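This briefing is meant to be read with the sequence and the coordinates open. It goes through the parts one topic at a time.

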Amino acid sequence: MRSVPFFQRGEQATLQLLDETDTPWIAALIDELEAAVGRPWRELLERIARLPVRTAVARSAAVIEALRRTLGGRERGALKAADVRRRLFGRAALDRVTRDHRLAAVASDLAVPVAEIELAIWADLPGERVVVMPDGRPSELAIAAAANLAIIQRALLRCHELRLELSGNARTIVRTAAVRGLLATARMGGEAVVLEISGPLALFHGTTVYGRALGSIAPHLAWCEQFVLDARCDLGRGPVALRIRPPILLPPGRPPKRYDSALEQRFARDMAKQAPHWRVIREPSAVAAGTHLAFPDFLLEHRDAPDRRWWLEIVGFWTSDYLVHKLSTYRDARLPRVILCIDAKRMIDDRELPVDARIVRYTKRVPADQVVAIVDGVRDH
Amino acid sequence: MLRELLVRHGNHRTLVFTRDNRTTYEIAGELLVCPITHEIGRKERAAALERFSSGEANVLVSAQVLDEGLDVPEAEIAIVVGGSASARRHVQRIGRVLRPAPGKRARVYELTVSDSIDVDDARRRGRAIRGVTGEHSA
């Protein structure tokens, strides 16, 4: 696992994020990159490894990761490596004749010389992709910001729990947490929204996938006017408390989308088609229950009887306790008509579902017909 | 040596474990067999496992991805090329070919450089798993 650059004092850890003072050595790395345009990334990385960079290895690694994320890389040649492998690989070619014959057959199919086939086999691997600068030389500060994002995301992969205090534009983060299916609860804490999220180290399985999902909230921190991120982590030297707060250099996040996911978009479309007598309202207001907040994804309102309303939330990662807590929040908010749609593949404990819940399971598509059955009263549970 | 073993077990499905991705690609490119690494896309890895399960491919070569979380009960032979893996990873690798099936007999080979420290390591690992496999050639 990639290391995280940090200082530690007692049980308090501080990430070694990058700022303006780091631009000289970042510029040196970008100089190397510029000189390597057209060459494979593997060669560039070998050259960078020989550079005398005066910073922690984990920080320069984060900058290299940021460069790769920002610039990507281009597959060499016109052939698609994955397609070449699909055609070429099969039973082991245990002698030269068999190997040559198979290479020649694939080359003939694709109407190219055999040498081109050999060159194309691994051309899509990260190290073999060609260094490109499609938009010219990147700025040192933009790369430093992208490296900070990479460092924060690495730290989040190693956290047990996370507490975010958000002021201004909190909804973007809360929605991202919901859309990515994180185990999160939101509440008001004075003027700020407080979001508490389980970290990957608190789970029994699926930790890497969950950790990546958790990392997806980090780019949106740039949209918040103020935030304080407190996390309990293990960054490699035992448990520590980590705090991140502005001012920090972060890349500008993308603006929020109308639909947070294709899943929601499909569900809205399916509902409109299957149940035109229900109005599908996207992202209704947050629901307050005491100090807790719930953010349903949809409000379904009967067109002829607007007092017939159902709130629907699509849940990603879940445990039985998490669903119980969510239902109790809605109950406290005096919203009895709630449907939770849960991802059948993202269960992270093995206990039973709460018995008193209206729950619809989904895999790739929320089954609108089951939701219609519930809201039309055909199916009560 | 690897080629010899694959010829000897030409009718069996074989997993080849390597020390690193570079070796994985070298072997895969030379023998024209599917590599399984984290750099190969998920769909392609799934297709490779499918071809291995169906018998369309008889050899898979991997540095790491096969170590955890994947089940390949069809595998009958494991060949470990360069044995620097931890004891835990070694047991997981061997476990890949020890999934019980009617009439199944699994074999594990470990290839090491003569007169190197790897030979002792391989013997030690062999002793550790002999109770499970019944035999171990190093």
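The structure is a predicted model, in which local features need pLDDT of at least 70, side-chain atom pairs count only at pLDDT 80 or more, and totals for chains, interfaces and linings use all residues. Residues are numbered from 1 along each chain as its sequence is written, while chains are lettered from A and ligands numbered from 1 in the order in which they are written.

**Chain B**

- Chain B contains 5 helices and 5 strands; helices (H or I, at least four residues) and strands (E, at least two) are DSSP runs, numbered from the N terminus.
- Their order along the sequence of chain B is α-β-α-β-α-β-β-α-β-α.
- Chain B has 138 residues, of which 36% count as buried (20 or more other C-beta atoms within 10 Å of the residue's own, with C-beta atoms placed from the backbone).
- Of the contacts in chain B between residues at least 6 apart in sequence, 67% join residues at least 24 apart; two residues are in contact if their C-beta atoms, placed from the backbone, lie within 7 Å.

**The sheet of chain A**

- An open sheet of 9 strands in chain A has the order β1-β2-β7-β6-β3-β5-β4-β10-β9, with mixed pairing; two strands pair if DSSP finds at least two bridges between them.
- At the edges are β1 (6-9) and β9 (287-289) of chain A, each of which pairs on one side only.
- From one strand to the next, the twist averages 25°.
- Strands β6 (residues 226-234) and β7 (residues 239-244) of chain A run antiparallel and are joined by 6 bridges.
- In this part of the sheet, A:Leu229 stands opposite A:Ile244 of β7(A).
- Helix α7 (residues 140-156) of chain A packs on the sheet, where it touches β2 (12-15), β3 (159-167), β6 and β7 of chain A. The direction of α7 makes about 150° with that of β2(A); axes are lines fitted to C-alpha atoms, for helices over the stretch in contact, and angles run from 0 to 180 degrees between N-to-C directions.
- Helix α8 (residues 170-179) of chain A also packs on the sheet, touching β3, β4 (184-189) and β5 (192-198) of chain A, and its direction makes about 20° with that of β5(A).

**Helices α3 and α7 of chain A**

- The axes of α3 (residues 57-71) of chain A and α7(A) come within 8 Å and cross at roughly 110°.
- The two helices, α3(A) and α7(A), are therefore roughly perpendicular to each other (65 to 115 degrees).
- Residues making the contact include A:Ala62, A:Val63 and A:Ala66 of α3(A), and A:Ile143, A:Ala146 and A:Ile151 of α7(A).

**Domains of chain A**

- An automatic or database domain assignment gives the bounds: domain 1 (81-120), domain 2 (157-256) and domain 3 (262-375) of chain A.
- The C-alpha centres of domain 2 and domain 3 of chain A are 23 Å apart.
- In chain A, 17 residues of domain 2 are in contact with 14 residues of domain 3.
- On the domain 2 side of this contact, α8 and β4 of chain A are the elements that give two or more residues.
- The largest share of that side, 4 residues, comes from β4(A).

**Contact between the chains**

- Chain B gives 16 residues to the contact and chain A gives 14 residues.
- On the chain B side, α1 (2-8) and α2 (21-31) of chain B each supply at least two residues.

Terms used. Buried ≥ 20, exposed ≤ 12 C-beta atoms within 10 Å, placed from the backbone. Parallel < 35°, antiparallel > 145°, perpendicular 65-115°, else oblique.
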